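Here is a friendly walk through how the side chains of this model pack together. Have the structure open as you read.

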Amino acid sequence: MSRPGPKIPPLSVTDAQRAVLEGWLRRRTTAQALTQRSRIVLECADGHSIMEVSRRLRITPDTVRTWRRRFIERGLDGLCDDPRPGVPRKITDADVERVIVKTLEETPKNAAHWSTRSMAAATGMSQSTISRIWRAFALAPHRSQTFRLSTDPLFIDKVRDVVGLYLDPPEKALVLCVDEKSQIQALDRSQPVLPMMPGVPERRSHDYVRAGTTTLFAALEVATGKVIGSLHRRHRAAEFRKFLTKLDKEVPADLQVHLILDNYATHKTPDIKKWLLAHPRFHLHFTPTSASWLNLVERWFAELTQKKLKRGVHRSVQALERDIRAWLADWNEHPRPFVWTKTADEILDKVAAYCRRISDSDH
């Protein structure tokens with residue numbers, strides 16, 4: 001015959017406690033853990049057994065027993081988390097504020113930016129403490145980024161025009177992002193490249209021999225990701241006109257052509273304007289000055305650079321051009337479009353917020 005288990009002490013809830021528990025359940029900002037504990041206590045107070053509460057709330061019986069016992073022993077305070085064990089905190093909020101202010105508003109005398117060691121020496125704290133504070137507030141004094149704000153007086157209009165083509169392209173038309181990647185160098189390393197081996201990365205000499213340069217004219221089709229490319233040894237309006245003629249031949253005659261391009265001088269010469277008058281289906285949309293990030297073909301140029309050119313070895317310009325043509329053909333077999341997601345309003349709002357931050361910091 002099995003022995004009976006230990007007698008479970010009864011759980012009772014006063015009216016005041018019930019009001020608090022029900023308030024925690026109704027409040028949207030209450031933590032989920034506290035909401036569950038309140039529901040456990042109320043279910044037990046209504047006379048339900050531990051196993052029944054476990055089934056109704058889909059939790060383990062041990063969880064029900066734990067918070068039932070905590071409430072009986074300590075009341076409402078028992079439902080809150082206990083302080084975590086460990087050494088008491090030694091760094092005060094004032095110490096944290098002092099580090100943050102010093103990081104943002106001062107620089108060390110012998111350096112351009114703070115390091116964890118120099119900040120630790122200046123504040124009397126440990127290097128690990130400084131590191132934890134910087135991580136908590138996403139501060140990285142060793143990092144910096146470059147930027148340039150466009151001063152184009154038609155910046156807003158051009159952003160809306162270009163982004164509008166990305167997000168809502170016109171019917172019976174082709175949107176092409178056009179640009180030139182000029183001065184692509186054919187580089188040959190001064191010594192043979194050592195291939196990768198287990199535990200050893202590929203190694204190449206830091207110095208190189210220049211064998212000449214070429215320029216890639218490219219037009220990225222926004223809808224499909226296909227690229228029409230043309231290589232030329234020079235970068236003039238004459239070469240750009242040849243590229244426009246190639247586009248005219250390859251794009252179906254029944255489609256209008258909208259070209260997104262930058263403000264380079266070769267795009268606006270009298271010869272180019274004359275060509276455009278003779279081909280009225282071509283429409284040019286210029287990005288703002290100093291805003292090449294708005295042209296999607298720049299993203300494709302980054303792919304070409306990272307995956308082909310950066311580690312390439314070419315002993316002649318002809319070899320370089322063969323590799324570029326082969327990479328372009330391979331891309332067009334399985335093209336991947338770059339999807340633009342931000343609206344013009346989101347871009348302009350972000351630029352405006354950045355300008356406000358700069359203005360506030362100056363004052």
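## Around Tyr 166

Leaving out residues up to four places away in sequence, Tyr 166 is in contact (heavy atoms within 4.5 Å) with Cys 177, Val 222, Ile 260, Leu 294, Asn 295, Leu 296 and Trp 340. This is a predicted model, where local features need pLDDT of at least 70, side-chain atom pairs count only at pLDDT 80 or more, and totals for chains, interfaces and linings use all residues. Residues are numbered from 1 along each chain as its sequence is written, and side-chain values use heavy atoms, leaving out hydrogens and water.

## The nonpolar cores

A nonpolar core is a set of buried Ala, Val, Leu, Ile, Met, Phe, Trp, Tyr and Cys residues joined through side-chain atoms within 4.5 Å. Buried means under 20% relative accessible area, exposed over 50%, and partly exposed in between, with a 1.4 Å probe and protein chains only. The largest core has 35 residues, and Val 159, Tyr 166, Cys 177, Leu 216, Leu 296 and Trp 300 touch the most other members. Among the elements giving it two or more residues are α8 (155-167), β1 (173-189) and α13 (344-362); helices (H or I, at least four residues) and strands (E, at least two) are DSSP runs, numbered from the N terminus.

Another core, of 20 residues, lies apart from it and includes Phe 217, Ala 237, Leu 244 and Leu 276.

In α10 (residues 270-278), Ile 272, Trp 275 and Leu 276 are buried. They sit on the same side of α10 because they cover an arc of only 100° around the axis, taken from the directions from the helix axis to the C-beta atoms. Their cover includes α9 (237-250) and β5 (282-286). The face turned away carries the exposed Pro 270, Lys 273, Lys 274, Leu 277 and Ala 278.
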